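Subject: Structure handover

Hello,

Please find the structure below.

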Amino acid sequence: MRSDFIGDCARFHELPEAVCAAQFLVPSLTRDQLDEVIRKPVTQAGATIDADLVERLLTTAAPK
């Protein structure tokens with residue numbers, strides 16, 4: 001879970017504690033870091049990913 005969403009968990013009883021106990025919190029990533037997170041595993045698997053798909057994912061996931 002991205003750290004910028006953990007605050008939303010506070011609305012639910014004991015959810016922040018459960019998330020912290022079971023998950024690794026990922027800090028907010030820059031657009032360049034998100035690009036690497038998307039592309040690197042695909043490349044390491046010997047596959048390719050369409051540039052338009054990467055752009056759409058970045059546009060959707062990048063912090064506003």
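What follows covers the helix pair and the loop between its members.

This is a predicted model, in which local features need pLDDT of at least 70 and side-chain atom pairs count only at pLDDT 80 or more, while totals for chains, interfaces and linings use all residues. Residues are numbered from 1 along each chain as its sequence is written, and side-chain values use heavy atoms, with hydrogens and water left out.

Helix α3 covers residues 31–44 and helix α4 residues 51–61; helices are DSSP runs of H or I with at least four residues, numbered from the N terminus. They pack at an angle of about 135°, with axes 10 Å apart (axes are lines fitted to C-alpha atoms over the stretch in contact, and angles run from 0 to 180 degrees between N-to-C directions). The two helices are therefore oblique to each other (angles under 35 degrees count as roughly parallel, over 145 as roughly antiparallel, 65 to 115 as roughly perpendicular and the rest as oblique).

On the α3 side, the contact is made by Arg31, Leu34, Asp35, Ile38 and Arg39; on the α4 side, by Val54, Glu55, Leu57, Leu58, Thr59 and Ala61 (contact means heavy atoms within 4.5 Å). Leu34, Ile38 and Val42 are the buried residues of α3 (buried is under 20% relative accessible area, exposed over 50%, partly exposed in between, with a 1.4 Å probe and protein chains only). These buried residues pack against α4.

After α3 comes glycine 46, with a positive phi near 80°. Aspartate 50 lies in the loop between α3 and α4, and its relative accessibility of 47% makes it partly exposed.

Regards
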